[in-house]
Amino acid sequence: MDKSKRKVLVVDDDRINIKAISEALKYEFQIMAATNAEQALRAVRSDAPPDLVLLDVMMPGVDGFEVCRRMKSHPQSKHIPVIFITAMDGDTNEAKGLAVGAVDYIAKPIVPAIVRARVRVQIELRAHMEALQAAYATIEVQKDRMEQELEVGRKLQLSLLPELPRGDARFAVAASMSPAHEVSGDFYDAFMIDAQHLCICIGDVSGKGVPAALFMSMCQALVRAKADVSLSPARIADDVNQAIIPNNDSCMFVTLLIGIINLSSGCLTYTNAGHTAPVILRGGEVVRLAGRHGPAIGVADMEYLQDSTLLCSGDTILLYTDGVTEAQDSDNQLFGEQRLLNHLQSVAVESAAELITSIASELEKFEHGSGQADDLTLLAVSIEARVEGSVEGSANPSDLSSHELSLTAHDMRREDPCQLIGNFLGDLSVDTALYNVLYVVLDELVANIINHGYPGAKDEIEIGIRIQLSATTATIRVIDTGIQFDPMALEIPDTTSLIDERQIGGLGVYLCKQLVDEIAYERRERRNHLTITKQLSASNFNENFQLEVSA
């Protein structure tokens with residue numbers, strides 16, 4: 001007997017009918033036989049049940065309808081299809097048979113071709129049903145596994161939330177992120193670029209789930225990396241956009257808001273790339289920083305713009321994703337921007353953390369158990385004290401005038417770095433003596449960085465130069481992404497020996513050390529940081545020089 005064949009149980013009290021049906025099916029199926037209800041029910045509940053039952057309606061004692069009813073009421077046999085065999089006519093009996101669980105009827109006298117056709121159809125349907133059940137079971141296993149992995153991903157993502165800067169009397173930062181699903185496509189960040197500049201950002205990635213979370217992580221890392229070499233939010237947005245667009249085959253994008261706060265002057269410079277507008281809480285007033293400076297990151301190859309505003313002591317700036325304003329109640333009404341602004345005007349809070357808690361509580365009351373529709377992310381920064389300056393932004397003698405230059409491989413393919421540095425320093429409104437000092441120092445250091453920090457990788461050059469001028473000091477920071485390289489570690493030649501006896505190199509670094517008061521090197525976050533300090537006097541500035549912040 002071929003065990004691979006499907007089994008058909010023929011139930012009939014007439015052995016002639018059993019033989020006729022068996023002859024019609026024996027070449028395609030294994031045949032089982034029963035002549036009464038007892039035998040039939042034992043067969044369908046055995047360890048080797050049939051795949052289909054051909055059941056005679058009219059049998060002595062327990063008829064076929066009752067046999068079918070008992071089969072369908074038992075968990076072991078309820079899924080076995082039943083085809084009734086009957087000599088009776090009439091729609092009533094057919095309806096009764098279908099009502100107790102039969103799938104088809106075959107009329108007597110038996111026609112072998114019809115029996116084979118009807119049985120084949122039901123056997124194939126049974127095979128398809130079993131395949132679907134097996135697939136469903138596999139899906140359920142995979143679903144459970146995916147849910148477990150997503151839960152691990154959720155916990156991992158929450159554990160990797162950025163550590164907010166703390167312990168500074170000038171400001172306070174608070175944030176919260178509540179994913180609508182296991183993982184979030186939202187992100188926030190706040191970190192010190194240097195001692196005077198706090199970078200804040202918030203983003204919302206298109207889509208949901210794991211792809212959005214991975215894209216989010218990449219964007220957050222890019223913002224941190226680019227902010228380390230630039231104090232311009234627009235330039236940071238440009239650089240992040242340029243890093244994403246060439247390899248964005250999935251066509252994902254992220255709305256992004258980047259702000260840099262000069263903690264000395266209170267100047268906030270920000271770029272809004274398609275994101276929800278932030279607001280400033282100032283006493284009982286709410287100021288909305290409307291306007292966008294370009295589309296979402298990853299949409300188009302373009303240059304972003306930026307704006308600036310002055311923050312006062314006691315101000316709190318709030319950044320949020322659209323999951324806040326698009327939260328829904330049980331009637332599918334949106335929380336909306338106006339409701340948020342009304343809440344901000346009426347709430348009395350004393351810290352950034354209290355503001356975040358207040359908004360989260362208001363949203364929870366509004367949703368009232370209807371379920372969170374989107375990721376909710378909030379970031380608040382309170383300006384506790386301005387170190388220098390005034391509300392009107394009038395210059396104080398110790399205020400810093402900040403200037404920056406970014407040198408990339410793309411920039412240097414268009415123009416020589418010496419020329420770029422010269423043009424940059426020409427805009428500082430300083431006297432010739434200070435200009436020459438700064439030019440010699442930067443030209444020498446940048447040349448060394450390019451030669452030693454990027455061996456064989458000139459297309460990856462990324463150098464940021466930041467100059468801060470006060471009435472008494474020039475502070476120059478040079479940050480690059482090259483391999484670890486400390487120009488100050490270069491061996492200085494013996495200047496007392498004859499020129500022919502000196503080793504080649506090192507004189508430029510020696511000259512730099514003589515021209516400035518201090519040069520310090522540090523390797524931090526996979527970047528080289530050089531800090532150069534030069535003491536100044538009033539004579540170093542020409543009549544056009546003004547101490548003001550330019551981000």
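These legends go with close-up views of a predicted model.

View 1. Helix α12 runs over residues 417-426. Its buried residues are P417, L420, I421, G422, F424 and L425. Their cover includes β16 (401-408), α11 (409-414), α13 (432-453) and β17 (462-469). Look also at the start of α12, where a side-chain oxygen of D416 comes to within 2.8 Å of the backbone nitrogen of C418.

**View 2. The largest nonpolar core, seen around I465.** This core counts 36 residues, and L407, I463, I465, I467, I476 and I532 have the most contacts inside it. Two or more residues each come from β16, α11, α12, α13, β17, β18 (473-480), α14 (507-515) and β20 (527-535). The top contributor is α13, with nine residues. Setting aside neighbours within four places in sequence, I465 is in contact with H403, E404, L405, L407, F424, L442, V446, I476 and R477. Another core, of 26 residues, lies apart from this one; M216, L231, V254 and I260 are among its members.

**View 3. D194 in its loop.** You'll find D194 between β7 (186-192) and β8 (197-205). With a relative accessible area of 12%, D194 is under the 20% cut-off and therefore counts as buried. A polar atom of the D194 side chain sits 2.9 Å from the backbone nitrogen of Q196. The D194 side chain also makes a polar contact with the side chain of R466, at 3.4 Å. Leaving out residues up to four places away in sequence, D194 touches R466 and R477.

View 4. E28 and R120 pair through their side chains, 2.5 Å from N to O. E28 is in the loop between α1 (15-25) and β2 (30-34) while R120 is in α5 (112-159), so this pair ties together parts 92 residues apart in sequence. Both ends are partly exposed: E28 has a relative accessible area of 32%, and R120 has 36%. The second bridge joins D104 and R118 at 3.5 Å, N to O. D104 belongs to strand β5 (104-107) and R118 to α5, so here the linked parts are 14 residues apart in sequence. R118 is partly exposed, at 32%.

View 5. E462 lies in strand β17 and K226 in helix α6 (209-227), so the pair ties together parts 236 residues apart in sequence. E462 is buried, at 13% relative accessible area, and K226 is buried at 13% too.

Methods: Residues numbered from 1 in each chain as written. Predicted model: local features only at pLDDT ≥ 70, side-chain atom pairs only at ≥ 80, totals over all residues. Heavy atoms only, no water. Buried < 20%, exposed > 50% of the residue type's maximum accessible area, 1.4 Å probe, protein only. Helix = DSSP H or I, 4+ residues; strand = E, 2+ residues; numbered from the N terminus. Contact = heavy atoms within 4.5 Å. Polar contact = N/O pair within 3.5 Å; in protein donor to acceptor, adjacent residues only side chain to side chain. Core = buried A, V, L, I, M, F, W, Y, C linked by side-chain atoms within 4.5 Å. Salt bridge = Lys/Arg side-chain N within 4 Å of Asp/Glu carboxyl O.
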